[in-house]
Amino acid sequence: MAGRRDRSQQLRGSRIAIAIVIGIFIGCVCALMFPNGFFNSKSSLRVNERLSKSSDQVGSSSCESPTRIKMLKSDFASLSEKNAELKKQVRELTEKLRLAEQGSDNARKQVLALGSQIKAGPFGTVKSLRTNPTILSDESVNPRLAKILEKIAVDKEVIVALANSNVKSMLEVQIASIKRVGITNYLVVALDDYIENYCKSNDVAYYKRDPDKNVDTVGKTGGNHAVSGLKFRVLREFLQLGYGVLLSDVDIVFLQNPFSHLYRDSDVESMSDGHNNITAYGFNDVSDEPAMGWARYAHTMRIWVFNSGFFYLRPTIPSIELLDRVADRLSKANLWDQAVFNEELFYPSHPDYIGLHASKRVMDMYEFMNSKVLFKTVRKNQELKKKVKPVIVHVNYHPDKLNRMRAVVEFYVNGKQDALDSFPDGSE
């Protein structure tokens with residue numbers, strides 16, 4: 001790699017030297033042709049006078065003088081054309097040099113990120129890398145938060161929940177489940193004074209951001225969806241500090257330590273809104289348009305969206321770019337954060353759009369369970385009720401969140417077998 005860098009520097013130096021030589025040549029030509037400068041009016045006047053005198057002399061002398069003048073004019077025109085061509089070449093060389101330096105820098109970054117080049121192995125043995133390198137931590141971004149995370153994080157990872165007084169009851173159920181499981185690397189981002197005081201009184205690690213009018217207005221008075229949209233701005237600093245973040249909405253009950261069930265092989269690892277294998281993990285959906293005749297069937301790939309209320313981010317450049325993209329779009333339009341989150345993750349590059357190059361993993365739908373899976377499938381299947389013990393249950397599909405969270409605790413923690421039976425499948 002050192003040899004490649006030396007060759008790159010030699011190539012850059014050669015191009016710079018060529019550009020300098022061309023510039024000196026152009027300067028010499030201009031100095032000979034215009035000793036008093038391009039824009040010296042007196043010089044131009046003297047040149048015109050000389051040409052005028054020469055013309056007068058030509059009129060009264062031999063017939064060779066007009067031929068000489070034509071030659072001089074021809075030489076002048078030829079030199080002017082060469083001068084313009086040299087200028088064009090200098091501009092082209094300068095641009096090529098700039099692009100070469102830029103390309104060399106990008107190549108260097110990729111080499112540093114991905115390591116040395118390798119040969120492809122035999123058929124069936126080639127596996128591409130999905131794991132981007134983590135960034136260098138920068139404590140100057142937020143020294144106060146850095147100190148908090150240094151105390152509570154485990155293996156540079158932390159669970160983060162955003163909360164204001166509107167969700168205090170659900171937060172209480174979640175914190176009780178966190179303590180029951182024995183999770184210590186859990187942090188509440190307190191969005192108002194009430195939650196800050198609650199965390200102080202109950203020995204819960206918390207972080208109160210510095211005053212920010214744009215964030216505070218939503219954080220103190222916003223409902224569930226509004227607060228949910230704030231996380232994409234808040235989480236950026238956690239990643240910049242070099243920590244892996246497991247974001248959790250407050251309508252989630254923890255039944256096991258989730259860090260024991262992560263793969264950490266992708267930039268984004270998220271639970272799914274899907275409710276079975278095909279919706280959670282993807283399927284080939286065939287669209288039928290009879291008017292097309294022979295070509296009436298079109299195959300499409302579909303997957304139900306990642307849930308933006310529970311996902312794990314590794315501290316990588318693609319993860320931070322994801323947060324930036326989503327936060328930027330949410331700041332400019334009244335959009336649902338989950339829709340924007342998935343659009344940025346899954347839309348491919350196409351004309352006038354550069355897609356996000358982030359690797360993705362869907363969490364196991366029975367370990368990281370949404371409330372549709374629980375109430376429509378698991379509770380009605382005796383085998384699943386006995387064998388499946390989720391890591392978390394997210395009450396994302398139902399509005400009566402608090403009562404269902406308490407029922408989840410009764411069923412999975414206290415063993416009350418009929419705790420889930422009274423609830424309807426949906427929200428009727």
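Over the ring of which residue does the charged end of lysine 156 sit? In this predicted model, that charged end is placed over the ring of tyrosine 243, at 3.9 Å from the ring centre.

**Sheet and packed helices**

- Seven strands make up an open sheet with mixed pairing, in the order S3-S2-S1-S4-S9-S6-S10; strand S3 (206-207) and strand S10 (360-362) are its edges, and because each has a single partner strand, one side of each lacks a neighbour in the sheet.
- Strand S4 (residues 244-248) and strand S9 (residues 306-313) run antiparallel and are joined by 4 bridges, with leucine 246 standing opposite tyrosine 312 in S9.
- Helix H5 (residues 168-181) packs on the sheet through contacts with strand S1 (157-163), strand S2 (186-190) and S4, and its direction makes about 160° with that of S2.
- Helix H6 (residues 193-201) lies across S1, S2 and S3, and runs at about 150° to S2.

**Aromatic pairs and charges over rings**

- The structure holds 9 aromatic pairs, among them phenylalanine 310 with phenylalanine 368, whose ring centres are 5.7 Å apart and whose planes meet at 35°, so that this pair counts as tilted.
- That pair links distant parts of the chain, since phenylalanine 310 belongs to strand S9 and phenylalanine 368 to strand S11 (residues 368-370), 58 residues apart; both phenylalanine 310 and phenylalanine 368 are buried.
- Phenylalanine 375 and phenylalanine 423 have ring centres 5.7 Å apart and planes at 70°, and the pair is therefore edge-to-face.
- Phenylalanine 375 lies in helix H12 (residues 371-376), whereas phenylalanine 423 lies in the segment after helix H14 (401-412), so that the pair links parts of the chain 48 residues apart; both of these residues are buried.
- Phe232, Phe311 and Phe341 form one aromatic cluster.
- The charged end of lysine 360 sits over the ring of phenylalanine 346, 5.4 Å from its centre.

**Serine 272**

- Serine 272 lies in strand S6 (residues 268-272), and because its relative accessibility is 2%, serine 272 counts as buried.
- A polar atom of the serine 272 side chain lies 2.7 Å from the backbone nitrogen of glycine 274.
- Leaving aside residues up to four places away in sequence, serine 272 touches Thr279, Ala280, Trp304, Val305, Asn307, Val362 and Asn370.

Note on methods. Residues are numbered from 1 along each chain as its sequence is written. This is a predicted model: local features need pLDDT of at least 70, side-chain atom pairs count only at pLDDT 80 or more; totals for chains, interfaces and linings use all residues. Side-chain values use heavy atoms; hydrogens and water are left out. Helices (H or I, at least four residues) and strands (E, at least two) are DSSP runs, numbered from the N terminus. Buried means under 20% relative accessible area, exposed over 50%, partly exposed in between (1.4 Å probe, protein chains only). A polar contact is a pair of N or O atoms within 3.5 Å; within protein, one must be able to donate a hydrogen and the other to accept it, and residues adjacent in sequence count only if both atoms are side-chain atoms. Contact means heavy atoms within 4.5 Å. Two strands pair if DSSP finds at least two bridges between them. Axes are lines fitted to C-alpha atoms, for helices over the stretch in contact, and angles run from 0 to 180 degrees between N-to-C directions. Rings of Phe, Tyr and Trp (its six-membered ring) pair if their centres lie within 6.5 Å; planes under 30 degrees apart count as stacked, over 60 as edge-to-face and the rest as tilted. A charge sits over a ring if NZ of Lys or CZ of Arg is within 6 Å of the ring centre and within 35 degrees of the ring normal.
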